[in-house]
Amino acid sequence: MKKLISLAVASALTCGVTLAKEIKVGALMPMTGAIAAYGQTANLGVELANKLQPKLKNGDTIKLVLLDNKGDKVETANGTTRLISSDKVVAILGPLTSSNTAQAISIAEKKHVPIVAPVATNDKLTTKREYANRVCFTDSFQGEVVANYAISQGYKSAVLLVDQAQVYSLGLAKAFQKAFKDKGGKLLKKIKITSGDKDFKAVVSQIKQLNPDFLFLPLYHPEASMIARQSKQLGLTKPMFSGDGVANQTFIDLGGDAVEGYMFTDFFDSTNPPSQTSADFVAFHEKETGKKEVNSFTALGADSYNILIDAMNRCEDPTDSVCVNKEIKKTKDFDGVSGKISIDKNGNAIRSAVIKEIRSGKAGYKATVNP
């Protein structure tokens, strides 16, 4: 039997027939740990997109290799190295947070393997990095959206809470601070916290004394939800706004009624799909999961996969990571699940943002902001 198979392969090669092969794509996501909600929702999008498009145009099959980085830098470094050196992946999707994505990029850059980040928004991630790409907007754009919204609502003063341990928080805080001041807003105070903090009562009391019109919390959901709960307990009722770091159901579950009216920037709203492609994905998501609502990280996970596949289809050899990376950066008006996406020569996405508000325990659509 083995001899017959070998003869068949040899015959196909002799006749110039190219046999389809399996190509590996890495997915490096925090599937466990404090920010597992991010990884689980984003990886769902990658897996659904793979179900819809499991093969390239030439017949090659895409095999996803998922590794759990646990939201940890050391695990991220080890996972990135393993995917490239042992699993021989063509590209890596992930690893989500800006800190971990920066770690992965530093390793992948040396090996000429492209990273396609679904939701890492820090501006500096792609600076002087040839193999860094993303399908999300940057903090500078996100910060301007929040600042413009605050000014448009008549909020003239703000207090800013920043997580000094997260590059995501530092970058978004800086962008908001500049835009808010440029628009005539007054920043009363910038208060520093650290990931893992549990007791924010002293911080809340300080904010009450400052009496701002508005609070901006560029934090991840564990800390943001605790601040919201403790603010409610101490009678602080000021409008609160965050970035995409709270764009998940876990934030609402943790915050409970304390996050009612809470606003945040996001990438996508499944009740307002921007195209037929998007609507079709929402329908497929419901069929596969039984849930109508599609998390924005799920949409961006799908977009990171689909843009990578689109780039691979444009390469004569889809396993050529250098070619794939070049084609990713040529992406123009891609019809994504989360909307139209173009990627510039630096690997940054040009795309819209969505503003949402939590109402009755659900994140509701407020507005779309174009670049």
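**A capped helix and its surroundings**

Asp320 caps the N-terminal end of α12, where one of its side-chain oxygens lies 3.1 Å from the backbone nitrogen of Val322. This is a predicted model, in which local features need pLDDT of at least 70 and side-chain atom pairs count only at pLDDT 80 or more, while totals for chains, interfaces and linings use all residues. Residues are numbered from 1 along each chain as its sequence is written, and side-chain values use heavy atoms, with hydrogens and water left out.

Now look at the rest of helix α12 (residues 321–328): six of its eight residues are buried, so the helix is largely enclosed by the rest of the structure. Buried means under 20% relative accessible area (1.4 Å probe, protein chains only). The buried residues are Ser321, Cys323, Val324, Asn325, Glu327 and Ile328. They pack against β4 (115–117), β5 (132–134), α11 and β12 (339–343); contact here means heavy atoms within 4.5 Å. Helices (H or I, at least four residues) and strands (E, at least two) are DSSP runs, numbered from the N terminus.

Helix α11 (residues 296–313) holds Asn306, which is buried with a relative accessible area of 16%. Leaving aside residues up to four places away in sequence, Asn306 touches Ala49, Gln53, Phe334 and Val337.

Ala49 also takes part in the meeting of α2 with α10, as do Leu44 and Phe281, among others. Helix α2 (residues 36–52) and helix α10 (residues 276–289) pack at about 100°, their axes 11 Å apart. The two are therefore roughly perpendicular, a label given to angles of 65 to 115 degrees.

Terms used: Axes fitted to C-alpha atoms, helices over the stretch in contact; angles between N-to-C directions. Parallel < 35°, antiparallel > 145°, perpendicular 65-115°, else oblique. Buried < 20%, exposed > 50% of the residue type's maximum accessible area, 1.4 Å probe, protein only. Polar contact = N/O pair within 3.5 Å; in protein donor to acceptor, adjacent residues only side chain to side chain.
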